[in-house]
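Please look over the sequence and the fold below before reading on. The paragraphs after them are meant for someone meeting this structure for the first time.

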Amino acid sequence: RCASPPSVIVIGGGISGIAAAHVLSNSSFEVTVLESRDRIGGHVHMDYSFGCPIDMGASWLHSVGNDNSLAPLIGHLGLILYHTSGDNFVLYDHVLERTALQSQWRQLLNLA
């Protein structure tokens, strides 16, 4: 009797769900990904409705120097990583006003 491969359901089609589905599929699992949106990608999403690409999330790849598992994939895809120092950013709150956290964030960066 042929045993069928084990099956698993991955909840969410964001980067973590897609990565989990990929690993499980490569390990001979039958994988079903459930995503509530009409697209996959989660926070990784570009909006082209204004005639140019606008990054709607996931614009920073953190800890590239600390073996972020996405860094090799980005290199494999031929995409460019731009290193930032944190000096040229502004934090905004939910109503798009500069937040008091900005000075606290800068203090934290200076401690690193």
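Predicted model: local features only at pLDDT ≥ 70, side-chain atom pairs only at ≥ 80, totals over all residues.

Residues are numbered from 1 along each chain as its sequence is written, and side-chain values use heavy atoms, with hydrogens and water left out.

The protein has three helices and four strands, where helices (H or I, at least four residues) and strands (E, at least two) are DSSP runs numbered from the N terminus. Read from the N terminus, these elements follow the order β-α-β-β-β-α-α. Of the 112 residues in the protein, 12% are buried, that is, under 20% relative accessible area with a 1.4 Å probe and protein chains only. Among contacts (heavy atoms within 4.5 Å) with a separation of 6 or more, 15% are between residues 24 or more positions apart.

The second largest pocket holds about 190 Å³ of space. A pocket here is an open set of points, on a 1 Å grid over the protein atoms alone, where a 1.4 Å probe fits, with protein on both sides within 12 Å along at least five of seven lines; lining residues have an atom within 4 Å of a point. The volume is the space filled by probe spheres set on the points, which are joined across faces, edges and corners.

Which helix gives the most to the lining of this second largest pocket? H1 does, with six residues, and helix H1 (15-26) and helix H2 (70-76) each supply at least two. The lining includes Ile-15, His-22 and Leu-73.

How values were computed: Buried < 20%, exposed > 50% of the residue type's maximum accessible area, 1.4 Å probe, protein only.
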